Structures are given as structure tokens and as C-alpha cells.
Amino acid sequence: MSMKRAERDLSRFREIVRGRIKKDLRKYMSQGELIGRQGKRYVSIPIPQIDIPQFRYGAKQGGGVGQGDGDVGDPIAQGDGQQGTGQAGAEPGQHILEVDITIEELAQILGEELQLPNIQPKGKKNLISEKDKYSGIRRTGPNSLRHFKRTYREALRRQIAAGEYDLDDPVVVPIPEDMRYRSWKETLMPESNAVIIYMMDVSGSMGAEQKELVRMTAFWIETWLRSQYKSIEIRYIVHDAAAKEVDQQTFYHIREGGGTKISSAYKLCNRLIDERYPATEWNIYPFHFSDGDNWGGGDTRECVELLKRELLPKVNLFCYGQVRSLYGSGRFAHDLEEYLRGDDRVVIAEIADRDDIYDAIRAFLGKGR
């Protein structure tokens, strides 16, 4: 098979895989099949397929039916296997092909299927990445970087200074001392960076299933935002009646008792932003997840004031996802909608079960902020 045909077949296979992922994206998002399969830049996606059965031939010396001592008509022993129990299956088995795709490809599929607009960053981090630019000239270097015009100019200047240049026969012949080459300089380039601040209620009503909903939603949030920014920092805050910052492992597995005071998380989030992420330099994305039961009307009003006065002026977007717990859902989503109606910096989504993740991601990321 020629190399060109192999590349064409591989490209067609990739397009088939992309089409299958797009077709079943809601299923992948609701079943969490990608979670736990991600590497640094790649994600392993299980694609169902049907394999055509084939004979496999073993080594000749391996023994088996038709080999060894025996006469025609001798019965073949059944072996020492045990008698099976149960009934034979009526359906064919489903084979799974695991295909690796890059996080960038997955983000592109997500954006195409959910029709997500690209984000226009609002801030730039000041201490920025180094980038090589061929903006200098030097006397030594490889021929591939030879600068023709600068070399010619040096040779012309030398010949004129030495009186060797003839207007009637204007031939310019560079010598090694005339050679000039392009050189690079490390230039500081501004890059748009972002921070995601996850906040989650970990009171007794938020169980393992609710945390799994949050984890799956966060995977897709990060997949899209990483495609829009040079780098992403992620901070994790948990709260019941009090809030504290934790690492990722603790965030998804901690469970505490007590009541719920959402304002404690918003105060800590605001302090993190003020201390570490000035709004003029960072694109800020707080995401809060809770079952909606808050301590009381007084705390909800304090949350609304914190949002209006402190958080919303600093962030690109504030997203609240209300998950349904074993005890039902509280009023917090309803209260935010009532008090903050018309503010396009706030997005509220209800995530009652896994099927709602698809719509929640589209609501959170569909504004292009």
C-alpha cells in the first residue's frame, strides 16, 4: 500500500470517528465514558464496532485435533471441562475499539456540535511567554538563514569603499566577510490566560452521584476553555456552613455534615481573585454547584449582594449549576433568577441527572464570554 493511500485511509478513518463522536456526543457526555481515560493531551474514546470473525492458525507443533497417535474412528475425548449453567445468549457480542484523539480535536467537536462561539478574552496576563522571532542580523549562521539583501548591501558598501565598484560593469561579488544571516530574539508575547474557580456544596445532602455529575460537567468545561486560552489555572473551594480551599482529589471526594451557607464560598472566591487574579489581567470563570438548599433568606440576599457588588464586575462569566440530590432541590436557582434577571454575566442551569449535562454545557459556554 502506498504511503499516500495509507494517509488517505487514515484521514477517512479519523473523519468516521469524528462523525461517530458528534452523533453520540450527548451519550458520551451523559455516561462519562471519557472521564478517567484522559492523558496529558489525548483522550481515549470507546467506539462500538463489529469485528468480522476470522480463523487463527496456531503453530504446527502445538498439538490438537487431527494430530498425534490414534486410528480412524476413535472418539475424541471431551476433556475435563465442567458442565455449563444458564442459557445461551441470543445477541451478538459488542466489540469496543478505543481511539485516541487529542483534547484539541475533542474541543473542536464539542464546539461544532453545541455551536459554541469562540471566546473573546477580556484580559491579558502581564508576565508572558517567550517566543522566538527572526528579527535580528548576525555575521555567522547556516546557509538556510542567509539574508540576501543584507549580504548584497554589505558587499556593495565594501566595493564602493575600496574603489572596486565599476558603474559600467556593476558586478557585486560577496566574500565571506560580507555574509549576513538572520538571527532570532526571544520576545515577550502577551498571552490570554484564564482561571477557573470551582465551588461545591459538600453538605450531607450532596452524595456521590451529585459529585459525579459535577466532575463530568467540569471535564467538558475544561475541555472547551483549554481550547480558548494559552493556559488555565484551576482552584477548588468546598463549603457547607464554612468554606475552604482544597485540592482536586479532596474536592470530588470530601463529604461533610452540617448546614449550608453559600455566602462563605462566594467570600472566599472573591478573596482569591483579589489576592491572586486581578481582573485587568485574568479571564475569570467561577462555577458553583449545589443542590440549592441554603441556610436562609438572609444568606441568599447576602450572596446576591456579593455577586452584584464584588464578583460580577470582575469575572467573564458566573455559572451556577443546581444538581438534584436525594432530598430534592432547594430554591437557590430560583432566587438567583429572580434577583439577577437580565444580567448576562450570570448563567443558571439545572442538572437533575446525567442527560442534563449536554444542555448545561451549552448554557454555560454558549455566550462566548
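The structure is a predicted model, in which local features need pLDDT of at least 70 and side-chain atom pairs count only at pLDDT 80 or more, while totals for chains, interfaces and linings use all residues. Residues are numbered from 1 along each chain as its sequence is written, and side-chain values use heavy atoms, with hydrogens and water left out.

**Overall composition**

- The protein chain holds ten helices and ten strands, where helices (H or I, at least four residues) and strands (E, at least two) are DSSP runs numbered from the N terminus.
- Of the 369 residues of the protein chain, 40% count as buried.
- Taking contact to mean heavy atoms within 4.5 Å, 80% of the contacts in the protein chain between residues at least 6 apart in sequence join residues at least 24 apart.

**Helix α8 and its two partners**

- Two packed helices are described by the angle between their axes and the distance between the axes.
- Axes are lines fitted to C-alpha atoms, for helices over the stretch in contact, and angles run from 0 to 180 degrees between N-to-C directions; angles under 35 degrees count as roughly parallel, over 145 as roughly antiparallel, 65 to 115 as roughly perpendicular and the rest as oblique.
- The axes of helix α7 (residues 262-276) and helix α8 (residues 297-311) come within 8 Å and cross at roughly 15 degrees, which makes α7 roughly parallel to α8.
- The crossing of α7 and α8 is left-handed, a term for a near helix turned anticlockwise from the far one by less than a right angle, with right-handed used if the turn is clockwise.
- On the α7 side this contact is made by Ile262, Ser263, Tyr266, Lys267, Cys269, Asn270 and Ile273, and on the α8 side by Asp299, Glu302, Cys303, Leu306, Leu307, Glu310 and Leu311.
- The residues of the contact of α7 with α8 divide into eight nonpolar, two polar and four charged, where Ala, Val, Leu, Ile, Met, Phe, Trp, Tyr, Cys and Pro count as nonpolar, Asp, Glu, Lys and Arg as charged, and the others, Gly among them, as polar.
- The axes of α8 and helix α9 (residues 332-339) come within 11 Å and cross at roughly 50 degrees, and the two helices are therefore oblique to each other.
- The crossing of α8 and α9 is right-handed.
- In this pair, Thr300, Arg301, Cys303, Val304, Leu307 and Lys308 of α8 meet Phe332, Asp335, Leu336 and Tyr339 of α9, and the residues of the contact divide into six nonpolar, one polar and three charged.

- Serine 263 lies in helix α7 and is buried, with a relative accessible area of 1%.
- A polar contact of 2.4 Å joins the side chains of serine 263 and aspartate 299; such a contact is a pair of N or O atoms within 3.5 Å, and within protein one must be able to donate a hydrogen and the other to accept it, while residues adjacent in sequence count only if both atoms are side-chain atoms.
- Leaving aside neighbours within four places in sequence, serine 263 is in contact with Asp299, Glu302, Cys303 and Leu306.
- Aspartate 291 lies in the loop between β8 (283-290) and α8 and is buried, with a relative accessible area of 0%.
- The side chain of aspartate 291 reaches the backbone nitrogen of aspartate 293 at 3.3 Å, and the C-alpha atoms of aspartate 291 and arginine 331, 40 residues apart along the chain, are separated by 8.9 Å.

- Arginine 180, found in the loop between α4 (148-162) and β4 (181-191), counts as buried at 7% relative accessibility, and its side chain reaches the backbone oxygen of glutamate 177 at 3.0 Å.
- Arginine 18 is placed in helix α1 (residues 3-23) and is buried, with a relative accessible area of 13%.
- Arginine 215 is placed in helix α5 (residues 208-228), and its C-alpha atom is separated by 7.1 Å from that of tyrosine 252, 37 residues apart along the chain.

Definitions and conventions: Buried means under 20% relative accessible area, exposed over 50%, partly exposed in between (1.4 Å probe, protein chains only).
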